[in-house]
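Here is a short note for a colleague who is opening this structure for the first time. Please keep the sequence and the model side by side while reading.

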Amino acid sequence: MSRGWRDRLASGGPVFGMNVYSGSPAAVEIAGAWGLDFVFIDAEHSVLGLDLPMERMILAARLAGVAPLLRVPDSAPTGLRKALELGAAGVIVPQVHDAGQMRAIIAATKFPPLGRRGGDSSVRSAGWAGPGFDWADYARRSNRDTFIVPMAESPEFFENIDEILAVPGIDAVHFGPADFALSSGLDVDYSMREPTVRRAMRLLVAKCREKGIHVMLPCAPATPEQAADLLAEGGDMLLVGNDIGFLNQGCRTAAGIAAALREPRA
């Protein structure tokens, strides 16, 4: 799988992706065909688990040349390890609240000496122990390439932000404005115009910039103007829509056509 998206980030970005909730490999392939850099495959809120349908999603991403970043259901170490062994380019971990939890996430996703990830060579991430397999090379490449993204979506994350971001091994942080607003007693606003939500997003960007950590932001509405605003704020990984939203847009258009043609003719 190409590291081009990582190279773009390293050189200043930005990179663009989309959320996939439907469980459809076709959505992943289409995202790759249109040149998106990554897909955010959801296993927290969707019907997907860490099983055969998810494996098909990851294979579709590899076929289409788009990086599969998998949002796992929680920070349990078994799920983190299995997501990576399935072939995900990285994991997005919801509801991270403190540095101890963050250290446990790194321990579960990095091989020694960076962590304590358990290993088996009979998995996709190890090339099924095929020709030329070497344990030391596998561990080194995995530690280098595995992309780790905790989610900042609670007041607790921001109360402990310095300690969390000081944990080595974080590549990016994804800001979750909906859960942050809900847990703070605020109205949900994905555009992040609500002042408290916008301040939290700006604090996250500033703190991550100090550490050389990337920031992933949802771009809603998915318009050039909103994307430009978030890039100006310091985001460098933008999610510019999701497959369920795109289906809704298409069905809204279809329903409008149907409604117009159903109107009685004079």
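1. Basis. This is a predicted model, in which local features need pLDDT of at least 70, side-chain atom pairs count only at pLDDT 80 or more, and totals for chains, interfaces and linings use all residues. Residues are numbered from 1 along each chain as its sequence is written, and side-chain values use heavy atoms, with hydrogens and water left out.

2. UniProt, in an unreviewed entry, lists residues 17-243 as "domain: HpcH/HpaI aldolase/citrate lyase". Such annotations may be inferred rather than shown by experiment. Over residues 17-243 the chain is 44% helix and 17% strand. The end C-alpha atoms of that stretch are 11 Å apart. Helices (H or I, at least four residues) and strands (E, at least two) are DSSP runs, numbered from the N terminus.

3. Helices α2 and α3. Look at α2 (residues 25-33) and α3 (residues 52-64): their axes come within 8 Å and cross at roughly 20°. That makes α2 roughly parallel to α3 (angles under 35 degrees count as roughly parallel, over 145 as roughly antiparallel, 65 to 115 as roughly perpendicular and the rest as oblique). Axes are lines fitted to C-alpha atoms, for helices over the stretch in contact, and angles run from 0 to 180 degrees between N-to-C directions. From α2, the residues P25, V28, E29 and G32 make the contact; from α3, R56, M57, A60, A61, L63 and A64 do. Contact means heavy atoms within 4.5 Å. By class, this contact of α2 with α3 has 7 nonpolar, 1 polar and 2 charged residues. Ala, Val, Leu, Ile, Met, Phe, Trp, Tyr, Cys and Pro count as nonpolar, Asp, Glu, Lys and Arg as charged, and the others, Gly among them, as polar.

4. Helices α10 and α11. Here α10 (residues 195-211) and α11 (residues 224-233) pack at an angle of about 50°, with axes 10 Å apart. That makes α10 oblique to α11. R198, M201, R202, V205 and R209 of α10 meet D229, L230 and E233 of α11. The residues of this contact divide into 3 nonpolar, no polar and 5 charged.

5. N19. This residue lies in strand β1 (residues 15-20). N19 is buried, at a relative accessible area of 10% (buried means under 20%, exposed over 50%, partly exposed in between, with a 1.4 Å probe and protein chains only). Neighbours within four places in sequence aside, N19 is in contact with F40, L239, G241, N242 and D243.

6. V123. Find V123 in the loop between α5 (99-109) and α6 (135-145). V123 is buried, with a relative accessible area of 13%. Beyond neighbours within four places in sequence, V123 is in contact with E85, W128 and Y138.

7. Backbone points to check. Most residues other than glycine have a negative phi, and most peptide bonds are trans. The peptide bond from G13 to P14 is cis, with omega near 0°. P14 sits in the loop between α1 (4-10) and β1. A220 and P221 are also joined by a cis peptide bond, with omega about 0°. Phi is positive at Q95, near 50°, and at M192, near 60°. Are these two residues buried, exposed or partly exposed? Q95 counts as partly exposed at 28% relative accessibility, whereas M192 counts as buried at 0%.
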